[in-house]
Amino acid sequence: VNLRQKLEPFHIAQPFYSKTVITSHFTPGEIPLVNIQFRMDDENEVTAKGFLFKQVIASGHFTNRQFDDERSKLEDGKGIKIVLINTTAIHDGFYIKIPTADITSSPSGGPVLKADLIIDGQPAGISKWLKNDKFFFKKGKFTLIASVDGSLKNFKQMVLDSEAKLVLKNFSVIYTPSNSAFPFKHLSLYKKSGDADFSIISSTLENGHDFQIDGGMINLKALLFAVAGRASSDVNFVAEKLSWSDFINLFGESGYFDTGKPKDDDKKKNSMKETIRGLQFQFQPRLSVAVDTLQYFDLLELHQFKTGVHFENEHTLVLEKTSFRYGEGQINFAAKLDISKEKRTPFEFELHAKNLNLAKLLPPFDYFNIMLLANMEQLPENVSVDIKHKGIIDDVKGLIPRTSTGEIIFKLDKGRTLSGKIAFEPATLGENQGQEKLGLGNSIKTKIALDGDPALFNNFFKTDRFFFDNGHFFSQFDYE
């Protein structure tokens, strides 16, 4: 009766070969040693502790002892051991292969599993197991190789304590709140105890540029199970070449996974914000980026681009230690972006640049619509500039008028040609009332101080009848 109770959670649908050997002196009070050898050559169905396994092929033995050495003589007959050899099965769409497994159980310790597992399947099955309704996998294949040694009474802890390697190939990660799909070629994740290391290799949708992501994750149990606390991660992104269109189109037409995909820039950028907020909530990443060549459409090509990215709080994205080269120039940059709003992005940044070549930088951008610059016969090729700027960007239209506050300090040719400071802020309502009535209430109050060589004015007047030579000038003025 005791043996029957122990086997009750296990059910095998079809007959299978077994051989039972009972060893006993059959004396009063003696607990016979029961050894059952079994083999399932044909595909069978097995229910174990409420889990259904189909197409089961297995061999092994069962004994009513935990140990098969001298310690078995000291047992009270309340423990069991099941040994599985070369077992294969299908559970919930996963193909499972178990070269060896030992299941032992005792009244004090409960059931304990020690096994090596190889599981193959479709990544969508992982999403179902994780029960995450925001991030889930689509397409592709995965292989999980794991070594398990723990109590079946605490399944979560057993999973966390196990060592495992997970490989996914040619799959997509879907984030449903932003309706975005991120395709990847290869992901490897190595888990040990409650933490994990990972590596991703893929290429961009737009231009096929290869990139690699690797890093580590802490407190994995918060991601796998609904427990207190949150997972955090350190992530490194490396690419030889990348373009802005590669990035933004992940959230646009090429990156959507249903037929109702939005196409305009407004919805692309809203999707980007929604996804970034979701990544912060789920993974709390600290990101390090290194790109050899970064392209901004056909207008700009930056080299040796590096930055660090993290969240200051749930909605403030911080770019730190950002640097890159443009031609012979070196630029350092830091910024904060508030991504909590759908259509507007409050920002503040600092930029420090040396050796900028304006003759190369300005023409692709149409001189930023500054006719004074466009009309100069010769633009300076050695400019240093320090910029502090705070404002609000409309995600489609650009900078919102009367939100900008900041200053620009610059030097041309190390100050020999020109140096200056430009401070700007929105004009107050009282100062701007006349323009408000005329519908021109978008003005900026600007203070400018300039110091330099008068020969600079020769570029503006463009006459051979008079010109400036030698000397020094200083000018300070305010305007709106």
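1. Helices (H or I, at least four residues) and strands (E, at least two) are DSSP runs, numbered from the N terminus. The model is a predicted one, in which local features need pLDDT of at least 70 and side-chain atom pairs count only at pLDDT 80 or more, while totals for chains, interfaces and linings use all residues. Residues are numbered from 1 along each chain as its sequence is written, and side-chain values use heavy atoms, with hydrogens and water left out.

2. Asp161 belongs to helix 3, which spans residues 155–161, and is partly exposed at a relative accessible area of 42%, where buried means under 20%, exposed over 50% and partly exposed in between (1.4 Å probe, protein chains only). Leaving aside residues up to four places away in sequence, Asp161 touches Lys191 and Ser193, contact being heavy atoms within 4.5 Å. Between the C-alpha atoms of Asp161 and Lys191, which lie 30 residues apart along the chain, the separation is 9.0 Å.

3. In helix 2 (residues 123–130), the buried residues are Pro123, Gly125, Ile126 and Ser127. These buried residues pack against strand 6 (94–106), strand 7 (110–121), strand 8 (135–138), strand 9 (141–151) and strand 10 (163–175). After helix 2 comes Lys131, with a positive phi near 60°.

4. Strand 24 (residues 444–452) pairs in the antiparallel sense with strand 23 (residues 418–426) over nine bridges, pairing requiring that DSSP finds at least two bridges between two strands. Within strand 24, Thr446 stands opposite Phe424. Strand 24 also pairs with strand 25 (residues 473–479), again in the antiparallel sense, over seven bridges, and Phe473 in strand 25 is the bridge partner of Gly452.
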